[in-house]
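Visitor: I've got a protein to look at and some questions for you. Could you bring it up on the screen?

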Amino acid sequence: GTIELLDSPVIPDVYRLSSAYPNPFNPSTNVEFSILEDGYLNLNVININGRTVDTIHDGFIESGYYVRSWDATEYPSGIYIIQMSINGFNKTQKVILVK
């Protein structure tokens, strides 16, 4: 999927990983996040065993507000952790896939 820059003239004042919606979800959920400063963003999906099962974004990103969907069609039901890491900021969030 593509990453969409939300149309906002305001630069975020913090790094944030907002609550995914919908959650629980099937088959996809939207992940909203804000980027304070340009940097290398790693946004992964991890299963309850701690294994990375998918990568939502891995690469350079500019500051701003973003929303990205994660399509879990090919993954089994269960709990997944969305993990955001950029410029020393780390945040995780639990999402539940129900099929």
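Visitor: Let's start at a turn. In the hairpin of S4 and S5, which residue takes a positive phi?

Guide: Keep in mind that this is a predicted model. The S4 and S5 hairpin leaves 4 residues between its strands. The one with a positive phi, near 85°, is Gly50.

Visitor: And how many bridges hold S4 and S5 together?

Guide: S4 covers residues 39-47 and pairs with S5 in the antiparallel sense. Going along the pair, Ile46 sits opposite Thr52 in S5, and Gly39 sits opposite Ile61 in S5. The bridge count for the pair is 8.

Visitor: S4 has another partner, S7. Which residue of S7 is the bridge partner of Asn42?

Guide: S7 spans residues 78-86 and runs antiparallel to S4, joined to it by 6 bridges. Within S7, the partner of Asn42 is Ser85.

Visitor: Which strands stand at the edges of the open sheet?

Guide: The open sheet has 4 strands with antiparallel pairing, in the order S5-S4-S7-S8. A strand at the edge has a single partner, so one side of it is left without a neighbour in the sheet. Here that applies to S5 (52-61) and S8.

Visitor: By what angle are neighbouring strands of this sheet turned against each other on average?

Guide: For this one, direction is ignored. Averaged over neighbouring strands of the sheet, the turn is 15°.

Visitor: Is S4 largely enclosed or largely open to the outside?

Guide: To count as buried, a residue needs under 20% relative accessible area. In S4, 8 of the 9 residues are buried. So the rest of the structure leaves S4 largely enclosed.

Visitor: What about S3's own pairings: which residue of S6 stands opposite Ser34?

Guide: S3 is joined to S2 (residues 16-17) by 2 bridges, running antiparallel, and there Arg16 stands opposite Ser34. S3 also pairs with S6 in the antiparallel sense, over 8 bridges. On the S6 side, the residue opposite Ser34 is Tyr65.

Visitor: I'd like to check the prolines. What is omega for the peptide bond from Asn23 to Pro24?

Guide: Start with Tyr21 and Pro22, which are joined by a cis peptide bond with omega of about -10°. Pro22 lies in the loop between S2 and S3, and Pro24 is in the loop between S2 and S3 too. The bond from Asn23 to Pro24 is cis, with omega near 5°.

Visitor: Is Asn87 buried, partly exposed or exposed?

Guide: Asn87 is in the loop between S7 and S8, and its phi is near 50°, a positive value in a residue other than glycine. Its relative accessible area is 43%, while exposed would take over 50%. So Asn87 is partly exposed.

Visitor: Last one: what is the area of the nonpolar surface patch that includes Val98?

Guide: Val98 lies in the segment after S8 (89-97), and counts as partly exposed at 44% relative accessibility. Ile48, Ile79 and Ile96 make the patch together with Val98. The area is about 330 Å².

Key:
Residues are numbered from 1 along each chain as its sequence is written. This is a predicted model: local features need pLDDT of at least 70, side-chain atom pairs count only at pLDDT 80 or more; totals for chains, interfaces and linings use all residues. Side-chain values use heavy atoms; hydrogens and water are left out. Patches are made of residues with over 30% relative accessible area and no salt bridge: like charges are joined within 9 Å, nonpolar side chains (Val, Leu, Ile, Met, Phe, Trp, Tyr) within 5 Å. Accessible areas come from the Shrake-Rupley method with a 1.4 Å probe; for residues, only the protein chains shown count as cover. A salt bridge is a side-chain nitrogen of Lys or Arg within 4 Å of a carboxyl oxygen of Asp or Glu. Buried means under 20% relative accessible area, exposed over 50%, partly exposed in between (1.4 Å probe, protein chains only). Two strands pair if DSSP finds at least two bridges between them. Axes are lines fitted to C-alpha atoms, for helices over the stretch in contact, and angles run from 0 to 180 degrees between N-to-C directions.
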